Amino acid sequence: HIRIEPPYVGKWYPEIAVFDGAMNLLSSFRSLDTKEEFRFELPKGAYYLKISNAQGMKVLKEGMWIESITSGR
């Protein structure tokens, strides 16, 4: 499991894509609602993770906090 939050206070529109080692898309998600953070479980075979803000690129320029969390939390 991972938790993603923007580097600033407030909400964002997460747009997530997960790829395997050959860059095949394993899963994707695009939120139409704002989130303060986003938590999800990586699919089996995940190797690359693309994170962006569906409403702009500012979040990528400022940085992003991504952490691994245990499944028990």
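S52 is buried, at a relative accessible area of 6%; buried means under 20% relative accessible area, exposed over 50% and partly exposed in between, using a 1.4 Å probe and protein chains only. The residue lies in strand β5 (residues 48-53). The model is predicted: local features need pLDDT of at least 70, side-chain atom pairs count only at pLDDT 80 or more, and totals for chains, interfaces and linings use all residues. Residues are numbered from 1 along each chain as its sequence is written, and side-chain values use heavy atoms, with hydrogens and water left out.

**Strand β5**
- The side chains of S52 and K50 are joined by a polar contact of 3.4 Å.
- A polar contact is a pair of N or O atoms within 3.5 Å; within protein, one must be able to donate a hydrogen and the other to accept it, and residues adjacent in sequence count only if both atoms are side-chain atoms.
- Strands (E, at least two residues) and helices (H or I, at least four) are DSSP runs, numbered from the N terminus.

**Nonpolar core**
- The largest nonpolar core has eight residues: I2, I4, W12, I16, V18, F38, F40 and I51.
- At least two residues of this core come from each of β1 (2-5), β2 (14-19) and β4 (38-40).
- Such a core is a set of buried Ala, Val, Leu, Ile, Met, Phe, Trp, Tyr and Cys residues joined through side-chain atoms within 4.5 Å.

**Aromatic pairs**
- The whole structure holds three aromatic pairs.
- F29 and F38 are stacked, because their ring centres are 4.7 Å apart and their planes meet at 15 degrees.
- F38 and F40 form a tilted pair, 5.3 Å centre to centre with 40 degrees between the planes.
- Rings of Phe, Tyr and Trp (its six-membered ring) pair if their centres lie within 6.5 Å; planes under 30 degrees apart count as stacked, over 60 as edge-to-face and the rest as tilted.
- F29, F38 and F40 make up one aromatic cluster.
- F29 is partly exposed at 34% relative accessibility, whereas F38 is buried at 12%.
- F40 is buried too.

**Loop residue K11**
- K11 sits in the loop between β1 and β2.
- Leaving out residues up to four places away in sequence, K11 touches T34, K35 and E36; contact means heavy atoms within 4.5 Å.
- K11 and D33 are 22 residues apart along the chain, with their C-alpha atoms separated by 9.2 Å.

**Confidence**
- The protein chain has a mean pLDDT of 80, and 73% of its residues reach 70 or more; pLDDT is the predictor's confidence in each residue, from 0 to 100.
- Confidence is highest in strand β3 (residues 25-30), at 94, and lowest in helix α1 (residues 58-62), at a mean of 54.
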